Amino acid sequence: MQNFFQILVSGISVGMIYGVIAFGYQLTFATSKTLNFGQGEALTLGALVGLTCVNVLIGLHLGTLAAYLIALPFVFAFGLAQGAVVERLGVRQAMKTKSEAGWIMATIALGIIFKNMAENIWGKDPLKFPSPLSEDPLTIAGVNIRPMEIAIVLGALAMMLAVEAFNRRSIYGKAVVATSNDRDAAGLMGINTPLVITFSYALSSLAAALAGVLIAPITLTGANMGAALGLKAFAVAIIGGLSSGLGVVVGGLILGITESMTGFYFDTGYKDVPGLILLLLVLSLKPAGLFGKTAIKKV
């Protein structure tokens, strides 16, 4: 039973990372019905920019935790800027021309460009990200939990709650909600919907960058770290439902826990299989996702 809870904890922390990245997919889909297929590369760049900032600050004789906390605003600013660039260069023109495939290919192409940039700047070899918290596990009720795993869960929840509070309590957040409900009507009411879409892309990349700096201290950092995470997060978004913020969190937890359980009780080589089977089942039986709403298209 102790092993079960140990694997459960590991699955929850990984699942929350999937959930944060998938939350980014949900943000852009809500306002523009488009997705940034370079979310994985946004995570990679966020982690690598964070690594550089932390190393520079440690070189200035700051402690690792202080360096990590000071680096976070720089990572967030970089994520916001990177997301805005993706929307302006890859998505806006495709939306103007109503090209169904244009934004897909553009975001994939920009993702490849960002990955190549990361390889040239930071190299292809995995890099060690200094952990801001102790790497010694805490023992709670017989279960070993690394402090960074707790930080992942708290950081992910804090980010999602902050976005929810922003949408509910600020006039700018209400503009985002209005654009999500009906973009044409929001435009007629004077809301600058192109700016809202740019903002949603910026926020989406910020979420990915946050996921990068959260998971980097417990994994190795490198130019290839985001590809698999971005793809799995997309599966999470489909399973949970692209129209539901709660759905992507639940979907992330389902996939993370399923992977951990399969890897421990069966074989690590098969840990991705149950999640992919679930994805196929959802696509067949409930295409809008477990928590998603089926859109009614007016003709």
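Which residues are linked with E87 in a network of salt bridges? In this predicted model, E87, R88 and R92 are joined in such a network, and the legends below begin with that site.

**View 1. The salt-bridge network of E87, R88 and R92.** E87 belongs to helix α3, which comprises residues 64-96, and its side chain meets that of R92 in a salt bridge with an N to O distance of 3.5 Å. Both E87 and R92 are buried; for E87 the relative accessible area is 2%, so this residue falls under the 20% limit for a buried position. When residues up to four places away in sequence are set aside, E87 touches R92, I197, T198 and Y201. Side chains of opposite charge can pair when their charged atoms come close.

**View 2. The course of helix α3 and its bend at R88.** The 33 residues of α3 should span 48 Å at 1.5 Å a residue, and the end C-alpha atoms are 46 Å apart, which agrees with that expectation. Just after α3, K98 takes a positive phi of about 55°.

**View 3. Helix α1 and the loop that holds K33.** Helix α1 runs over residues 2-32, and its 31 residues reach 45 Å from the first C-alpha to the last, close to the 45 Å expected at 1.5 Å a residue. Just after α1 comes K33, which has a positive phi of about 60° although it is not a glycine. K33 is placed in the loop between α1 and α2 (39-59), and its relative accessibility of 46% is why it counts as partly exposed.

**View 4. H61 in the loop between α2 and α3.** H61 is not a glycine, yet it has a positive phi of about 75°. With a relative accessible area of 75%, H61 is exposed.

View 5. Leaving aside neighbours within four places in sequence, T221 is in contact with A47, L48, D125, P126, L127, F129 and A216. Between T221 and G269 there are 48 residues in sequence and 22 Å in space, taken from C-alpha to C-alpha.

**View 6. The salt bridges D272 to K232 and R146 to E149.** The side chains of D272 and K232 meet in a salt bridge at 3.0 Å, N to O. D272 lies in the loop between α10 and α11, whereas K232 lies in helix α9 (residues 225-240), so this pair ties together parts that are 40 residues apart in sequence. D272 counts as partly exposed at 33% relative accessibility, while K232 is buried, with a relative accessible area of 19%. In the salt bridge of R146 with E149, the closest N and O atoms are 3.6 Å apart; R146 counts as partly exposed at 36%, and E149 is buried at 7%.

**View 7. A nonpolar patch on the surface that includes Y270.** Y270, V273, I277, L281 and L285 form this patch, and together they have about 520 Å² of accessible area. Y270 is placed in the loop between α10 (245-265) and α11 (273-285), and at 52% relative accessibility it counts as exposed.

Terms used: Residues are numbered from 1 along each chain as its sequence is written. This is a predicted model: local features need pLDDT of at least 70, side-chain atom pairs count only at pLDDT 80 or more; totals for chains, interfaces and linings use all residues. Side-chain values use heavy atoms; hydrogens and water are left out. Patches are made of residues with over 30% relative accessible area and no salt bridge: like charges are joined within 9 Å, nonpolar side chains (Val, Leu, Ile, Met, Phe, Trp, Tyr) within 5 Å. Accessible areas come from the Shrake-Rupley method with a 1.4 Å probe; for residues, only the protein chains shown count as cover. A salt bridge is a side-chain nitrogen of Lys or Arg within 4 Å of a carboxyl oxygen of Asp or Glu. Helices (H or I, at least four residues) and strands (E, at least two) are DSSP runs, numbered from the N terminus. Buried means under 20% relative accessible area, exposed over 50%, partly exposed in between (1.4 Å probe, protein chains only). Contact means heavy atoms within 4.5 Å. The expected span of a helix is 1.5 Å times one less than its number of residues. The bend at a residue is the angle between axes fitted to the seven residues ending there and the seven starting there.
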